[in-house]
Protein chains: 2
Amino acid sequence: MSVTLLEVARRANVHPSTASRALSPVMSREVSEATRLKVLEAAEELGYRPNVVARGLRKGRTGTIGVVINDFQLPYNAAVLRGIEAVLDETGMMPFVTESHEDSARLERALEHLHGRRADAIIVTAVRAADEAAVVKMARLLPIVLAVRTLPNTRLATVAHDDFEGGLLAARHLVALGHRDIVELPGTGDVSSFRQRSAGFHAGLQEAGLEPASVVQPVHRLTVENGHALMRAVLARADRPPTAAFAHNDVMAAGAIDALSDAGLSCPRDISVVGYDDILLADHLAPPLTTVRLPSFHLGQLAAQLARTLLDQPDAPAPRVSLPPELVVRASCAPPPKGRGSSPGVGHGH
Amino acid sequence: MSVTLLEVARRANVHPSTASRALSPVMSREVSEATRLKVLEAAEELGYRPNVVARGLRKGRTGTIGVVINDFQLPYNAAVLRGIEAVLDETGMMPFVTESHEDSARLERALEHLHGRRADAIIVTAVRAADEAAVVKMARLLPIVLAVRTLPNTRLATVAHDDFEGGLLAARHLVALGHRDIVELPGTGDVSSFRQRSAGFHAGLQEAGLEPASVVQPVHRLTVENGHALMRAVLARADRPPTAAFAHNDVMAAGAIDALSDAGLSCPRDISVVGYDDILLADHLAPPLTTVRLPSFHLGQLAAQLARTLLDQPDAPAPRVSLPPELVVRASCAPPPKGRGSSPGVGHGH
DNA sequence: TTGTAGGCGTTATCAA
DNA sequence: TTGATAACGCCTACAA
């Protein structure tokens, strides 16, 4: 098996506890320089790697942060994870990542799993309203940080961004281009971000005295397929199609644009589309996607920093951090076809 | 702190070892039904979660598989991870994922980190030739499975796919369309997959009596930016531009297509582009990308299964699994402009 | 069927 | 400055 501290101690002719001290950055000050070097040399020669599992058992800290994400496949999650990793790296900690697949039972299992492995804290980016009880319960056992999605009724530490503002930006952009028949391709309201995006979007329409051109059933999973299906439903239902659409994420927007092609329509000529997230390659889609940028990497960083803080101050008040969204204008939005909108920039009357 | 087995035992009025047996699926047969139920009930009431860290220390197994990937951001890695997770889930194991960022020092640290945390086995998808010594050394300490990328000179367990065949498919496709001036936008040869893709590509050209139209410096990281830079270099250098390009991954292909637009050229009208991987949204790029599909999810599954097998049979011979690639034809390839190629399908003479 | 005892590798506390 | 000891929580021979 692997080299243990005992073997290092023997080779250096010291007691295991001395070896332990010599190898500990903080305790090594209590050890004579000579023996410290002896131990270090022995450890080096034997290729000693401390057993973090044993250490975790003894110290009650595993140096591990659990992370519950939705789905590795969703591009913005990758950026969140990188942010988390960037911060944890600095202190030799490691993330322990699990997927919940937008499923409450799986999320609960993930939490228990991470607790069972004695993660020091858990970052959850995939929470939905239905998970509140499970998350709050777990929060009594170890620090929990919500990232990206929030639970507004709780007092949990949270790192999110202003989804309301994001929805507002999207709506205003379309209104300013002259659109008056705008639909929303929404995610379900049990996710805080979608609820807020929706609220902001509606507020933006209302400012201009508009209502959604038609309403479709929100979807549970924001996939390419569902984006396609929602847009198909919009086109099938309305007497005449809308001139613009706001999709709750970029992947759905891609699906929606697909559905337009299938119907012989073109984006942005016939229908403009705004996405959300600004995923990698959003600028390489056909057409390059106008979208609201979710500062994923930064959110991940902040979440990890917060988790670390909570470790050392378990009773500190749990902060709520919010970052601003940003509209990224590309080619998927244009003024509406002739005769279908108000003149650009003048759509705000009642 | 958390509920321990001791507390469960006390509440059920049994000895801790009895409680342990009652809760163990395999040992619970040695326990009377009555006490078994008593213990289960006590555990349930207290919300007992076994401490996997302690268990790992005792059993020498942590139920954890380390995974070293390149970069969360690269879309195909997401699929590999999902495959791994899908398999590990069945047995309550968990992946422990780290990034190496195409950096040997980081990869070595990642391996040591995972070993220190006593992962039961490690799956490496990010290996490069320069990492051979570190990986082989680590393989003496715990089972290692190479996935996606291989180390041909070693006897390590491997789950890859046939990159040579993939490169061959790409070249043949372009040749069959009538192209004769074809360039490669390659990754560096220190990664087995890129080396093989390159070899297959050249073999495909050779079949048709062709040579690469021009040669660019392989890149270390296969990013959008590097794809853009390589294509720019190609356009700058050649007397006349090639009519087709084979990029070693989809992300680079996207960058290359960008560079074409910047130069006032169009894909596929002026230059056809073949990518590699078939990432999510590859079919939504502009234009939808013809590419060689890397069976990422399946590779992940097989790697995880292999890792599990190796756990139980540490001395079993290390197999090498290979999956076939598949060419996915979309819109980014077309016959060359008039006067620039052989007639389609007739380019095989010498 | 249940209890006893010992130890997995490490570190904190106490004594020398 | 170093050594001895105990304990973190769990599991498993072995004994009863």
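**Backbone geometry in chains A and B**

In this predicted model, A:N13 lies in chain A within the loop that runs between helix 1 (5–12) and helix 2 (16–23). The phi angle of A:N13 is near 60 degrees, which is a positive value in a residue other than glycine. With a relative accessible area of 68%, A:N13 is exposed, because the cut-off for that class is a value over 50%.

A positive phi in a residue other than glycine is also found in chain B, where the phi angle of B:V148 is near 70 degrees. B:V148 belongs to strand 4 of chain B, an element that comprises residues 144–148. The relative accessibility of B:V148 is 3%, and this residue therefore counts as buried, since the class is defined by a value under 20%. Most residues other than glycine have a negative phi, and most peptide bonds are trans.

Cis peptide bonds are considered next. In chain A, the peptide bond that leads from A:C267 to A:P268 is cis, and its omega angle is near 5 degrees. A:P268 is placed in the loop of chain A between helix 11 (250–262) and strand 8 (272–277).

In chain B, B:A286 and B:P287 are joined by a cis peptide bond, for which omega is about -10 degrees. The position of B:P287 is in the loop of chain B that lies between strand 8 (272–277) and strand 9 (290–293).

Terms used: Residues are numbered from 1 along each chain as its sequence is written. Chains are lettered from A and ligands numbered from 1 in the order in which they are written. This is a predicted model: local features need pLDDT of at least 70, side-chain atom pairs count only at pLDDT 80 or more; totals for chains, interfaces and linings use all residues. Side-chain values use heavy atoms; hydrogens and water are left out. Helices (H or I, at least four residues) and strands (E, at least two) are DSSP runs, numbered from the N terminus. Buried means under 20% relative accessible area, exposed over 50%, partly exposed in between (1.4 Å probe, protein chains only).
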